[in-house]
Amino acid sequence: MKMLQTNLQEVETAADLQKLLEENENVMVCCGRMGPMCIPVYEVMEEIEDEYTNVKFAVMAFDSPEAGVIRNAPECRGFMGLPFTMYYKNGKVVKATSSIQNFKQVTNILDENFGKN
Amino acid sequence: MSKDMYDVMILGAGAAGLTAGIYSSRAKLNTLILNEGAVGGQMVLTHEIANYPGVENISGYALANIMKKQARDFGCAIKSNVKVSRYGFEGNVKEVELEDGRTFKAKTVIVAPGGRPRPLGIPGEDAFKGKGISYCATCDGDFFTGKELVVVGGGNSALEEAVSLTKYATKVTIVHQFDHFQAFAHAIKEAKENPKISFVMESELREVKGNENVESVVIENLKTGERSEMKTDGVFVFIGYLPNTESLQGTVPMNERGEIVVDPLMKTSIPGVFAAGDSITKRFRQVTTAVADGTIAALSAAEFIRTSEVS
Ligand SMILES: Cc1cc2nc3c(=O)[nH]c(=O)nc-3n(C[C@H](O)[C@H](O)[C@H](O)COP(=O)(O)OP(=O)(O)OC[C@H]3O[C@@H](n4cnc5c(N)ncnc54)[C@H](O)[C@@H]3O)c2cc1C
């Protein structure tokens, strides 16, 4: 069941996330709730989705038990602020951030890790 | 480089800017909203709005989305996550330039940039954001279950959020710069009666320290100047809001707090330039007051265009 009211693809299970990572070279997944720190990140993703055709954008509900794959990822150790945002290249985590990020911060990470589109 | 010309250009898509967009596009004025952050502004920071008349209970995100849809349905163009690099408000044609080089022109401008949480501005704040420093108790409170926290501030938000954080934390210490609180009596009473809350008054944080996560804070007693280090697992910051007007300095008249000065019709002293919402000089900052300001600003802008065209 979808839990996040965004226009982005929502990954509901760990298996779906794995599939997404296998099918796409560059993936950004924002794992959060419908809260004030998460919504601005979803909005940035919605805004740039059409522009960054080399990146697959998705969200995952933080409170879903399936999101344990992100919540408990070693890259998220010490994270204490929502959302947990993951950037994957060829299935591997290349960057993870905790808490709100603005447009520039997100696009800088995308450009640095996935190359300018 | 585009050279679009609009009737009304609105800077900010919070409650004030979106309302101005609804009114102005519904009046068949060619309207553009440019927004620096997420559409909805502070509304999306609010989990539940229970005092917006006509709507019993709604999340700030949902209310913002309805306003955005209303504005778009009336034909208002909205561009969000842009960064304005230059403002030209003098003269009959108002112009702004974005960082990416695009320029937009309009007959009138409504400035509605709202406000943002005031940061502590001390060493360690940026480094530990999301790793022990938070500005939202509802979002991050549960990461601090069984831990000790510091809450900075002495207004309603600080006291109410400190009480809500005691659901998770074993101990909450409120650090406040004055010897009294600027909050409603019931909020003060509730915080004072909570056995998990203690108070460090007339003091300010000077540094946040730690390795991977926050481990301690340096507190200065403002009366004695003495500094001490206190162990803590996290810091929640609720020290008020700042108007988002720094980049507008010198373009519109402001008071000493950086709030834009307007008359009751939301006019600034520059012809064709109006302002609305939390960024103007006013006492009460609410969704309802922002919506009212946005309405007045849009109607004033429409009147300005009408009368300029007649003369
Ligand atoms: C946690 C919290 C809870 C609240 N709860 C309530 C409540 O329950 N009820 C209530 O009525 N009110 C509440 N408020 C207050 C209310 O949200 C605000 O008063 C109102 O939303 C202000 O609207 P605004 O349009 O003036 O500004 P904002 O909402 O701040 O919007 C301004 C927008 O302009 C953008 N911007 C900034 N600078 C520029 C620029 N130069 N150019 C273009 N865009 C720019 C910003 O990114 C933002 O998106 C709450 C506020 C907070 C923070």
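B:E193 is exposed, with a relative accessible area of 55% (exposed means over 50% relative accessible area, buried under 20% and partly exposed in between, with a 1.4 Å probe and protein chains only). The model is predicted, so local features need pLDDT of at least 70 and side-chain atom pairs count only at pLDDT 80 or more, while totals for chains, interfaces and linings use all residues. Side-chain values use heavy atoms, with hydrogens and water left out; residues are numbered from 1 along each chain as its sequence is written, and chains are lettered from A and ligands numbered from 1 in the order in which they are written.

**Salt bridges within chain B**

- Over all chains, the structure holds 25 salt bridges (a side-chain nitrogen of Lys or Arg within 4 Å of a carboxyl oxygen of Asp or Glu).
- B:E193 forms one of these with B:K189, and the closest N and O atoms are 3.3 Å apart.
- Both B:E193 and B:K189 belong to helix α5 (residues 185-193) of chain B, where they are 4 residues apart, about one turn of the helix; helices (H or I, at least four residues) and strands (E, at least two) are DSSP runs, numbered from the N terminus.
- B:K189 also counts as exposed, at 51% relative accessibility.
- A salt bridge of 3.0 Å, N to O, joins the side chains of B:D7 and B:K107.
- B:D7 is in strand β1 (residues 3-11) of chain B and B:K107 in strand β6 (residues 103-111) of chain B, so this pair ties together parts that are 100 residues apart in sequence.
- B:D7 is buried at 13% relative accessibility, whereas B:K107 is partly exposed, with a relative accessible area of 28%.
- The side chains of B:K105 and B:E95 meet in a further salt bridge, at 3.7 Å, N to O.
- This pair links distant parts of the chain, with B:K105 in strand β6 of chain B and B:E95 in strand β5 (residues 94-98) of chain B, 10 residues apart.
- B:K105 is partly exposed at 23% relative accessibility, and B:E95 is buried with a relative accessible area of 18%.
- B:E95 and B:K105 are linked with B:R86 and B:E97 in a network of salt bridges.

**Interface of chain B and chain A**

- Chain B has 26 residues in contact with 26 residues of chain A, where contact means heavy atoms within 4.5 Å.
- About 2200 Å² is buried between chain B and chain A, and carbon and sulfur atoms give 55% of this area (buried area is the accessible area, taken with a 1.4 Å probe, that two parts lose on being put together, summed over both).
- B:Y61, B:N81 and B:F143 supply 28% of the area that chain B buries against chain A, more than any other three residues.
- The rule finds 4 salt bridges across the interface of chain B and chain A.
- The side chains of A:K104 and B:E99 form a salt bridge of 3.1 Å, N to O.
- Between chain B and chain A, 12 residue pairs are in polar contact, with both residues at pLDDT 80 or more; a polar contact is a pair of N or O atoms within 3.5 Å, and within protein one must be able to donate a hydrogen and the other to accept it, with residues adjacent in sequence counting only if both atoms are side-chain atoms.
- On the side of chain B that touches chain A, α2 (60-73) and α3 (137-140) of chain B each supply at least two residues.
- The largest share of that side, 3 residues, comes from α3(B).

- B:S80 lies in the loop between β3 (77-79) and β4 (84-88) of chain B, and it is buried at 7% relative accessibility.
- The side chains of B:S80 and A:E47 are joined by a polar contact of 2.7 Å.
- Not counting residues up to four places away in sequence, B:S80 touches A:E43, A:E47, B:N35, B:G37 and B:V39.

**Aromatic pairs**

- The structure holds 9 aromatic pairs over all chains; rings of Phe, Tyr and Trp (its six-membered ring) pair if their centres lie within 6.5 Å, and planes under 30 degrees apart count as stacked, over 60 as edge-to-face and the rest as tilted.
- B:F274 and B:F304 form an edge-to-face pair, 6.2 Å centre to centre with 75° between the planes.
- B:F274 is in strand β17 (residues 273-275) of chain B and B:F304 in helix α6 (residues 287-310) of chain B, so the pair ties together parts that are 30 residues apart in sequence.
- B:F274 is buried, with a relative accessible area of 2%, whereas B:F304 is partly exposed at 26% relative accessibility.
- One aromatic cluster is formed by A:F62, A:F79, A:F84 and B:F143.
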